Amino acid sequence: MPMPVQPNDRFSRMFEEAGAHYAAGAVEQLGVYARHQPVGGAWALDYEASTLRIGEVTVHQSPLGSLGHDGSWLWAWANERTHPPGSGRLTLANWLRDFGERNQIYEFVTPRLELAEFPDPEQAARRLALLSLGALGTRGFANLPLDSGARAFVLVDDAEVPEAGFDGGALMAVLDRALSLFPYDPRLTMAGYLRRHAFETHESADGRHVYGERNGYSIAVRFTEDDLIAAVSHGARTGPQSVRAMPE
């Protein structure tokens with residue numbers, strides 16, 4: 001299989017496509033994790049024990065990568081000093097590297113990424129972590145400041161953290177946040193979200209509307225000619241639906 005091609009600018013197209021697909025589900029899950037283990041207070045990260053404690057809550061974690069004070073990102077699978085090759089804790093990190101190879105995502109197969117070129121390197125690192133969460137289907141990720149000035153990113157893979165279910169009341173907030181982080185393809189974002197929650201979907205003849213149904217609940221999405229989300233309605237098929245237009 002050929003290696004992914006290095007992008008000419010920012011993140012690669014394949015990264016943005018994958019991010020768009022997983023963004024809404026990952027944002028939704030991250031919100032659940034944030035309520036389970038709120039940030040703030042004392043914390044302790046133990047790579048050997050695969051745990052992260054914040055306040056009184058301890059979860060199982062797996063290393064994802066680190067963001068240096070110089071803006072360089074190093075994947076955990078490439079950080080042999082901290083995570084010796086063959087370590088059991090690298091299972092998820094190695095899976096992500098394979099995921100990158102299968103899907104031709106340059107960023108996931110490159111040991112070190114220079115994020116200092118981005119306007120906000122930490123935000124760029126969060127986007128790497130959010131896509132990782134979505135692709136793996138884990139329960140969250142944490143971003144922790146280290147004494148060296150670097151930041152450690154870990155994936156929370158703990159079954160005690162609830163898995164996000166569909167919440168129609170939070171749908172628009174989730175979509176707003178997902179599209180602000182991964183605006184590449186709103187159609188792909190909506191399709192990925194509906195697939196995550198097992199909605200059966202179909203499209204109108206003109207392609208301007210996408211409909212999803214599951215257990216008597218329906219979602220209807222109207223797109224503009226530029227494939228942006230114009231409005232979303234949802235609710236029980238026999239009851240009133242809430243309708244909201246997306247902001248311009």
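Trainee: How do the axes of helix α1 and helix α5 cross?

Mentor: Axes here are lines fitted to C-alpha atoms, for helices over the stretch in contact, and angles run from 0 to 180 degrees between N-to-C directions. Helices (H or I, at least four residues) and strands (E, at least two) are DSSP runs, numbered from the N terminus. In this predicted model, local features need pLDDT of at least 70, side-chain atom pairs count only at pLDDT 80 or more, and totals for chains, interfaces and linings use all residues. Residues are numbered from 1 along each chain as its sequence is written, and side-chain values use heavy atoms, leaving out hydrogens and water. Now the case: α1 (residues 13-36) and α5 (residues 171-181) have axes that come within 8 Å and cross at roughly 120°.

Trainee: Which residues make that contact?

Mentor: Contact means heavy atoms within 4.5 Å. From α1 come Ala23, Ala24, Val27 and Glu28; from α5 come Val174, Leu175, Arg177, Ala178 and Leu181. By class, that is seven nonpolar, no polar and two charged residues. Ala, Val, Leu, Ile, Met, Phe, Trp, Tyr, Cys and Pro count as nonpolar, Asp, Glu, Lys and Arg as charged, and the others, Gly among them, as polar.

Trainee: At what angle do α2 and α4 cross?

Mentor: Angles under 35 degrees count as roughly parallel, over 145 as roughly antiparallel, 65 to 115 as roughly perpendicular and the rest as oblique. The axes of α2 (residues 91-103) and α4 (residues 121-136) come within 11 Å and cross at roughly 90°. The two are therefore roughly perpendicular. Leu92, Trp95, Leu96 and Phe99 of α2 meet Ser132, Ala135 and Leu136 of α4. This contact has six nonpolar, one polar and no charged residues.

Trainee: Is glutamine 29 buried or exposed?

Mentor: Buried means under 20% relative accessible area, exposed over 50%, partly exposed in between (1.4 Å probe, protein chains only). Glutamine 29 lies in α1. Its relative accessible area is 1%, so glutamine 29 is buried. Among the residues it touches, not counting those up to four places away in sequence, are Leu133, Val161 and Arg196.

Trainee: Which strand is joined to β6, and by how many bridges?

Mentor: Two strands pair if DSSP finds at least two bridges between them. Six bridges join β6 to β7 (residues 151-156), and the strands run antiparallel. Leucine 144 stands opposite alanine 152 in β7. The two strands form a hairpin with five residues between them, and glycine 149 in the turn has a positive phi of about 100°. Five of the six residues of β6 (residues 140-145) are buried, so this strand is largely enclosed by the rest of the structure.
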